[in-house]
Amino acid sequence: MIGGELTSGIIVETESYLAKGDSACHASRGRTPKTTVMFGSGGFAYVYPIHAKYCFNIVTEIASRPSAVLIRAIEPVDGIEIMQLRRRVDALGELARGPGRLCQALGIGREHNGLDLRLGRGVWIESVRQRAFTTKQIRATERIGVTSAQELKLRFVVVGSSFASGPKHSR
C-alpha cells in the first residue's frame, strides 16, 4: 500500500542475483553505499534507479551474503485504476510488465530502499494460495536486460503469462 491506496498483483516474473559467481549482481564488486542493503539480512527491499525508473528487489540471504530477487512483472489485481493513472496507460498488460513499469505502477521509489518487507507496512509480499503455481508452470530462462552473466538461467517466469516481460517466446 503506497500513499493510502492499495495496489497489488501476482508475481509472474523474477530474476535472481547471487552473491557468488554472478557478475551481474550489484554486490559482486563489494559493498558500496548503493549496495549496503544487499549486505544485510533477507526480507528488505533493495530499490535502485536505472534509466530514470526504479527496480524493486527483495534481499534473500543472511547478512554478508548479498543476494536478491528482482521482481520483474506482476499480474495486476487491486488498484488497477491507480496503476493506470500512475503509468498513464489503459492496457492491463502494459501496467507492470518489466521492472521499471512495475515500480511506477505500484508507486515504488528510492524512498523504499531498505524497507523491512517483513513488517507488512507500505510494501509487502504475501502468499496467495488460490493462485499458487506448480513447478511445471514456471520456466527458468536466461536473464534479460543485463550485459553480464546473461547466460545464467536465473529468470523465472510463469509459462504463458501475458503479463511477463521480454520476448513472447521466453514467456
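Reader: What do the buried residues of H2 pack against?

Author: This is a predicted model. In it, the buried residues of H2 pack against strand E1 (8-17), E3, E4 and H1.

Reader: What makes H2 largely enclosed by the rest of the structure?

Author: The count of buried residues does. Six of the eight residues of H2 are buried, so the helix is largely enclosed. The six are Pro99, Gly100, Leu102, Cys103, Ala105 and Leu106. Just after H2 comes glycine 107, with a positive phi of about 75°.

Reader: How do H1 and H2 pack, and at what angle?

Author: Helix H1 covers residues 80-87 and helix H2 residues 99-106. They pack at an angle of about 115°, with axes 7 Å apart. The crossing is right-handed.

Reader: Which residues of H1 and H2 meet?

Author: From H1 come Met83, Arg86 and Arg87. From H2 come Arg101, Gln104, Ala105 and Leu106. By class, this contact holds three nonpolar residues, one polar and three charged.

Reader: Why is glutamate 15 called buried?

Author: Buried means under 20% relative accessible area. Glutamate 15 has 0%, so it counts as buried. The residue is found in strand E1.

Reader: What does the side chain of glutamate 15 reach?

Author: The backbone nitrogen of isoleucine 144, at 3.0 Å. The cut-off for a polar contact is 3.5 Å, so 3.0 Å falls within it.

Reader: What makes the pair of serine 165 and arginine 72 a polar contact?

Author: The distance between their side chains is 2.9 Å. The cut-off is 3.5 Å, so the pair is within it.

Reader: Why is the pair of tyrosine 46 and tyrosine 48 called tilted?

Author: One aromatic pair is counted. It joins tyrosine 46 and tyrosine 48, at 5.3 Å centre to centre. Ring centres must lie within 6.5 Å, so the two rings pair. The planes are 35° apart. Stacked needs under 30 degrees and edge-to-face over 60, so this pair is tilted.

Reader: Are tyrosine 46 and tyrosine 48 buried or exposed?

Author: Tyrosine 46 is buried, and tyrosine 48 is buried as well.

Reader: Why does serine 64 count as exposed?

Author: Exposed means over 50% relative accessible area. Serine 64 has 61%, so it counts as exposed.

Reader: Where is alanine 149 found, and what is its phi?

Author: Alanine 149 is found in the loop between strand E5 (138-141) and E6. Its phi is near 55°, again a positive value in a residue other than glycine.

Reader: Why is alanine 149 called buried?

Author: Its relative accessible area is 12%. That is under the 20% limit, so alanine 149 is buried.

Definitions and conventions:
Residues are numbered from 1 along each chain as its sequence is written. This is a predicted model: local features need pLDDT of at least 70, side-chain atom pairs count only at pLDDT 80 or more; totals for chains, interfaces and linings use all residues. Side-chain values use heavy atoms; hydrogens and water are left out. Axes are lines fitted to C-alpha atoms, for helices over the stretch in contact, and angles run from 0 to 180 degrees between N-to-C directions. Helices (H or I, at least four residues) and strands (E, at least two) are DSSP runs, numbered from the N terminus. A crossing is left-handed if the near helix is turned anticlockwise from the far one by less than a right angle, and right-handed if clockwise. Contact means heavy atoms within 4.5 Å. Ala, Val, Leu, Ile, Met, Phe, Trp, Tyr, Cys and Pro count as nonpolar, Asp, Glu, Lys and Arg as charged, and the others, Gly among them, as polar. A polar contact is a pair of N or O atoms within 3.5 Å; within protein, one must be able to donate a hydrogen and the other to accept it, and residues adjacent in sequence count only if both atoms are side-chain atoms. Rings of Phe, Tyr and Trp (its six-membered ring) pair if their centres lie within 6.5 Å; planes under 30 degrees apart count as stacked, over 60 as edge-to-face and the rest as tilted. Buried means under 20% relative accessible area, exposed over 50%, partly exposed in between (1.4 Å probe, protein chains only).
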